[in-house]
Amino acid sequence: MADALTKTDLQGALPLIARGKVRDLYEVDDKTLLFVATDRISAYDVIMENGIPNKGVLLTLCTKAWFKILQDAIPSLRTHFLTLDLPPQIPPSLRPTLQNRSMQVRRLKVFPIEAIVRGYITGSAWKEYQKSGTVHGIPLPAGLKESQAFPDGPLYTPSTKAEQGEHDENIHPDQAAAIVGEPYASKIASLAVQLYKTAHAYAYERGLIIADTKFEFGLDPETDEVVLVDEVLTPDSSRFWPRDKYVVGQSQESFDKQYLRDWLVKEGLKGKEGVRMTEEVVQKTAEKYREAWERITGGTES
């Protein structure tokens, strides 16, 4: 297995703006950023010491494919994506490493919330529901079972967007509205649900259930439009289940970070810093990511 790229160094070709949990952001010019998806992986808001080889390439190609799928279905959708081509400032020696894991995007003001949409009750939503009968403070009918589809359709359940090392906090949609203001809050909520429904239908035909996902949005100051940004519908930002193995009333197999999360819990390492994954965990997680990507895109790296 190839080595994982866990940190980028552009040798001064472009100024570094920020390093996120997975992406390194560089400034191309005052209107354009270069998003480089590394092979870093985080779980429970902690970045692992080692990475998943080729993960950044899969995330980038998966995002590009989804942008096209979503825009074909929703022609009015605006995204920040410009091109997978590398900017001319990147030296030839770095191009093989950065190609297909980097995308040039429009530089926008990003709204400080995660627009999470849940179609099924699982994960932290299931835990909250068991305690209080609510999800993100939203009251729900009694008697729901684990992994059940929400009876009235997908729920918009935003969270705060924490700085690196901090924890995102689940919030009620009213709190999100107080953070971003109107009319943006309503637009983000309706667009996030529309995107989820579109993606869910597409994935379902290909044998995948998207249980939940998170979107991020930015604002185009020139047109005052809400724009879809960041990665979309990847195994990093979504919970994918195999449709043919879906059973209500229990937790599901998944094509995402669940294998890693389960391993961390079993080994007593959940939330601990400085954890190095075993080769088996790296390999199994890589396989899950690749299988999800192949089902969604047909597996063409272009």
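Analyst: For the count of charges, Lys and Arg are taken as positive and Asp and Glu as negative, while His and the chain ends are left out. On that basis the protein chain carries 37 positive and 43 negative side chains, and the centres of these two sets are 2 Å apart. The model is predicted.

Along the principal axes, the C-alpha atoms fill a box of roughly 60 × 50 × 35 Å. Of the 302 residues, 51% count as buried. Among contacts with a separation of 6 or more, 63% are between residues 24 or more positions apart.

Now the rings. A pair of aromatic rings is described by the distance of the centres and the angle of the planes. Searching the whole structure gives eight aromatic pairs. One of them is formed by Phe-67 and Phe-81, with 5.9 Å from centre to centre and 40° between the planes, and this pair is tilted. Phe-67 belongs to helix α1 (residues 55-73) and Phe-81 to strand β6 (residues 81-83); the two are 14 residues apart, and the pair links distant parts of the chain. Phe-67 counts as buried because its relative accessibility is 1%, and the cut-off for buried is under 20%.

Phe-215 and Phe-217 also pair: their ring centres lie 6.3 Å apart and their planes meet at 45°, so this pair is tilted. The angle falls between the limits, since planes under 30 degrees apart count as stacked and those over 60 as edge-to-face. Phe-215, at 0% relative accessibility, counts as buried. Phe-217 is buried as well, with a relative accessible area of 2%. Elsewhere, ring pairs join Tyr-120, Trp-241 and Tyr-246 into a cluster.

Tyr-44 sits in the loop between β4 (42-43) and β5 (46-47). With 27% relative accessibility, Tyr-44 counts as partly exposed, whereas Phe-215 is buried at 0%.

Technical notes:
Residues are numbered from 1 along each chain as its sequence is written. This is a predicted model: local features need pLDDT of at least 70, side-chain atom pairs count only at pLDDT 80 or more; totals for chains, interfaces and linings use all residues. Side-chain values use heavy atoms; hydrogens and water are left out. Buried means under 20% relative accessible area, exposed over 50%, partly exposed in between (1.4 Å probe, protein chains only). Contact means heavy atoms within 4.5 Å. The place of a charge is taken as NZ of Lys, CZ of Arg, CG of Asp or CD of Glu. Rings of Phe, Tyr and Trp (its six-membered ring) pair if their centres lie within 6.5 Å; planes under 30 degrees apart count as stacked, over 60 as edge-to-face and the rest as tilted. Helices (H or I, at least four residues) and strands (E, at least two) are DSSP runs, numbered from the N terminus.
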